[in-house]
Amino acid sequence: MALWRIRDFHDDDLDAVIRLWDDPGSGDSEPVFSLSELVAAVRADQPTVVATVGEEVVGCAVAEVDRDRAWLLRLSLSPHWRHRGMGSALLSGLEERLLEAGVHRISCLLSSSAEIGAAALEHQGYRSRAGVVFYEKLEAVTFADRGLLGQLGGRILRPDLWDSLKGMVKEKELIEQRVVLPLAHVELAERAGLLPPRAVVLFGPPGTGKTTFAKAVASRLGWPFVELFPSRLAGESPAGLAAALREAFAQVSELDTVVLFIDEVEEIASLRGQQSLSAAQGVTNEMLKLIPAFREKEGRLLVCATNSVRALDAAFLRHGRFDYVIPVGPPDAEARRAIWDRYLSEVPHGSLDFGEIVGRSEMLTPADIEFAARRAAQVVFERSVAGEVGASATTEEVLESIRATRPTLTSRMIEEFEADIEEYARL
Ligand SMILES: Nc1ncnc2c1ncn2[C@@H]1O[C@H](COP(=O)(O)OP(=O)(O)OP(=O)(O)O)[C@@H](O)[C@H]1O
Ligand SMILES: [Mg+2]
């Protein structure tokens, strides 16, 4: 008598099939097709067979038919049933169904490390093709999203933005751990009982990199970046602004994935008591309603930035709305060094006294440093235009460009920022 039975997949088998997927010993551990593709295929009634022992599902094979070709998406075997011929039996059961469906070529992609499946495939007469390389590209935006994204002024950002953000090691690490990784690895996060974030606030003095961080997160995730400008949405009246916000959020919610960025969010979510017009309160109230709805769908992140976190309505910052309230502060010496390096790398220069340069730029933000480096570039350019061959910036010229740059930061700002961290940061 056969030890197992091969039969068609039933809806009730889905849990067992997912459990097999989750068991690292039951299939290719670096699968080319994802669990969601597998689930989509079985839900769409693509040919799927399971192996049962008694009532228990101990193996499955899932295919997807594309005219006369089928792809084998997954072959799973409970570890206990490996090396007993069950893999071949599953394949043979699946092939019967594929033949019926008019398939004459069956293909399978296994990772080169796959220990499961290869023997069964060989045994069933599949031949591996030497010299084949698998190329893959993920299009970040679906065709349907493309037009909408254009309307919203959104775009896909370059993939290297994260790396071009220099220094700020603490902030980078925090944002990577709390925001980027859980969104990039949703399944792992959920298995760990961690809900990936849906909305975060970045606060800090002007020019410290809040907008840059928001873009870098979108770039890391490969999600489109859409920025809403409250001042442009506003139109004439606060009532118009509330309606425009509602409309913008509705449009954004049609995108598959998106990082939605709102800068200077205090303009639309300031302390209700401080607003003179009741209509302006209406705008804040509208935001308070929009965020919970925004949070409901996966694949979206709202990033709000402000220079003035203390001006925000307390209800706005509450736990249920924002997962994290993250300070993005002035760069410390190490960060300033890295930022100087980045911007001066584009300016011809001899050996520079970076200790001095970094020491003299204590009250400069990254934006100020970028600006000062551009001033130094201007000086080099002027010398070149004047005929100097091989003109390059000297330490003194860089220091002079620092003196000529008005620092954004003041001690008062830094004190307030530190007090705000105590009062508002949530990490
Ligand atoms: N860590 C960094 N490394 C390199 N460049 C940076 C860094 N942070 C910011 N910059 C540069 O500084 C400029 C200002 O940064 P950004 O606009 O992100 O600041 P912000 O905090 O959003 O400012 P604001 O509060 O005025 O909106 C940008 O041109 C950006 O490229
Ligand atoms: Mg900004």
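**Reading a ligand site, its cores and a kinked helix**

The shell around ligand 1 comprises seven nonpolar, seven polar and five charged residues. This is a predicted model.

Biologist: Which residues come nearest to ligand 1?

Modeller: Start with the neighbours. The shell has 19 residues, and G209, T211, T212, P366 and A367 come nearest.

Biologist: How is the chain divided into domains?

Modeller: Domain bounds come from an assignment. Here domain 1 covers 5–123 and domain 3 covers 333–403. Domain 2 is written in two pieces, 143–330 and 419–424.

Biologist: Why does ligand 1 lie between two domains?

Modeller: Ask who gives residues to the shell. Domain 2 and domain 3 both do, so ligand 1 lies between them.

Biologist: How many residues of domain 2 and domain 3 are in contact?

Modeller: Count each side on its own. Nine residues of domain 2 are in contact with eleven of domain 3. On the domain 2 side, four are nonpolar, four polar and one charged. The centres of these two domains, taken over C-alpha atoms, are 33 Å apart.

Biologist: Which residues touch the most other members of the largest nonpolar core?

Modeller: First the general idea. In soluble globular proteins, nonpolar side chains tend to be buried together. In this structure the largest nonpolar core has 70 residues. L202, A214, V217, V259 and V303 touch the most other members. α9 gives the largest share, six residues. Domain 2 and domain 3 both contribute to this core, so the core lies between them.

Biologist: What does L202 touch, leaving out residues up to four places away in sequence?

Modeller: Take one member and list its partners. L202 touches K210, F213, A214, V303, A305, I326 and V328 on that count. Another core, of 32 residues, lies apart from the largest one. Its members include L20, V49, A70 and A89.

Biologist: Where is the kink in α7 centred?

Modeller: A bend is an angle between axes fitted on either side of a residue. Helix α7, residues 169–184, has a kink of about 45° centred on E176.

Terms used
Residues numbered from 1 in each chain as written. Chains lettered and ligands numbered in written order. Predicted model: local features only at pLDDT ≥ 70, side-chain atom pairs only at ≥ 80, totals over all residues. Contact = placed C-beta atoms within 7 Å. Nonpolar A, V, L, I, M, F, W, Y, C, P; charged D, E, K, R; others polar. Near = placed C-beta within 6 Å. Core = buried A, V, L, I, M, F, W, Y, C linked by C-beta atoms within 7 Å. Buried ≥ 20, exposed ≤ 12 C-beta atoms within 10 Å, placed from the backbone. Helix = DSSP H or I, 4+ residues; strand = E, 2+ residues; numbered from the N terminus. Bend = angle between axes of the 7 residues up to and from the residue.
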